[in-house]
Each structure stands twice: as structure tokens, then as C-alpha cells.
Amino acid sequence: MRIDIMTLFPDAMSPLLTESIIGRALSRGIIEINFHQIRDYTKNKQKQVDDYPYGGGLGMIMNADPLYNCWKAVKNDVPDARTIYLTPQGAVFNQAKARELADKYKALILVCGHYEGVDERFIEECVDEEISIGDFVLTGGEIPALAVADAVFRLIPGVLSDEICFNEESHYDGLLEYPQYTRPAVWREKAVPEILLSGHHANIKKWRRREAIRRTLIKRPDMLKTVNLSPEDKLILSELEEEQNNQ
Ligand SMILES: C[S@@+](CC[C@H](N)C(=O)[O-])C[C@H]1O[C@@H](n2cnc3c(N)ncnc32)[C@H](O)[C@@H]1O
């Protein structure tokens, strides 16, 4: 997977994606990331990339031309790349979308807006899809682009040490992950659930499934409306609901 990010702040972004797990995958060549300074594609002396909105109003709008020139240069290099504009007006990002992007595309171009956004004509001309990271407004698309790139990259085979890292975690199968513990076994008088010290893998697996369902019921009951549960899971859920009603 190759991701190209178009931004006015490449230097601020790159350290966050070149460290730790993603950094190691980059140096092993499993994934590739490139940052493009949109300002380098202006043709005016002042390297201005924004202007006042037609029709009046507050704030500045990013000009279509530098965005287009930057996009065109990247697209010439990776013609099949899917272009995504990060915007609070897009479909809200989730794990299923991360999975779709990781599976369907070999290259993504992530466009970060700034100020009051970008000229609509650039979106019409070049953007395949709009993604939001939530119903709130940030000052720029840099944090959303980092979130999308990180979520997609970690699904690429070989980036994480073992696929189990993500096939049991929150949102993978529509549930939240079970609680996790590490050493010491007792911390501030709180002991780790005994079953996790038993070494009995089948029982641990069952306990984890039950706790994943419990967590989802408590923290995100909305997720249970769409999740695919097995008959055993449904039984666990009804027991947990009864437990909850009796409390
Ligand atoms: C201040 S916002 C512009 C908001 C725009 N005027 C509107 O009302 O839709 C500036 C830039 O931040 C990015 N941005 C802000 N919030 C975002 C979000 N929730 N998800 C994705 N991108 C966001 C977009 O790239 C946007 O162009």
C-alpha cells in the first residue's frame, strides 16, 4: 500500500507516521508514504495558496490550481490511486472503511484542507470520495489524514507482527475487545481475573468472548443492533442482559 498525503504541513505530519510499528513497516518496504507540500505547486511569487471566498464571508479558501497541480503530479506517478478528501462533510470513517480501503486499493491520495476548506471545483474534478473522522470540525485535514493512514496501514499484511493483533480487537467483528491485563498479577490490590492465569486456553477464549459481549453491551449497546452473533453469543447476551436488569 502506498499513501500520498497532500498538505500545507508535511514536516509536522511525517514524524507521526515514521516511528514505531508503521516506521518499521516503512523501513522494511511493506508500505510507502509520501508527503507533498501543496505550496510548492503555486505559480505566484508569494506562494499564496488561498484567497477570499466569492460571495463574501469569513476565512480563506484554498485555491483549486495549486491543489490540482500537486494532485496531477502525484497522479502521474500513481495513476490508479484513489483520491480521498478529508472533510467534516464526508462519510464518517470506521473500521469497515479502513478494511475496504486496505483491501480494494494499492494506493491512496489523501488531501488535507485548511482554513475554511477548498474550492469546490477541485473536489468535483479530482476527488473520488470524501471521509470525515467525526461530527466535529478541526482546523485542518492533517490529523484526519494521519488517522486514516494509520488505520489502513496496520491492516496491510506484515505491518503487525501477527494477524491475531487485529482479528480479536475492537470493531473487527462488530464487538469491542475484552479487557486486557499485563504484569504484575496484583496491582494496587486489584488482581487479574484468575482464569487468565490458569493456562486453560479454551476457557480463556470463552471468557474473553463473554467479556467482549459484556463490554459492548455496557459501553456501546448501539453496536449490538448490527452485529452478527452466533446462537451461543446470543445466549451469552441474553444472560448478560438479565444480569444487568437484576442489578
Ligand atoms: C475548518 S475545516 C473547514 C470546514 C468547512 N468550512 C465546512 O464547514 O465543512 C478545514 C479543513 O479541516 C479538515 N477537517 C476538519 N474537520 C474534519 C473532520 N471532522 N474530518 C475530516 N477532515 C476535517 C478538512 O480538510 C477541511 O477542509
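Reader: Where does the ligand sit?
Author: This is a predicted model, with local features needing pLDDT of at least 70, side-chain atom pairs counting only at pLDDT 80 or more, and totals for chains, interfaces and linings using all residues. Residues are numbered from 1 along each chain as its sequence is written, and side-chain values use heavy atoms, without hydrogens and water. A molecule sits in a pocket if more than half of its atoms lie within 2 Å of the pocket's grid points. By that test the ligand sits in the largest pocket.

Reader: Which residues come nearest to the ligand?
Author: Near means a heavy atom within 4 Å. There are 21 residues around the ligand, and those that come nearest are Tyr85, Leu86, Gln89, Glu116 and Phe136.

Reader: Which strand gives the most to the shell around the ligand?
Author: Strands are DSSP runs (E, at least two residues), numbered from the N terminus. Both β5 (82-92) and β7 (129-132) supply at least two shell residues. The top contributor, with 5 residues, is β5.

Reader: How many residues of the shell are charged?
Author: Asp, Glu, Lys and Arg count as charged. The shell divides into 10 nonpolar and 10 polar residues, and the charged count is 1.

Methods
On a 1 Å grid over the protein atoms alone, a cavity is a set of points where a 1.4 Å probe fits but cannot get out, and a pocket is an open set with protein on both sides within 12 Å along at least five of seven lines; lining residues have an atom within 4 Å of a point. Helices (H or I, at least four residues) and strands (E, at least two) are DSSP runs, numbered from the N terminus.
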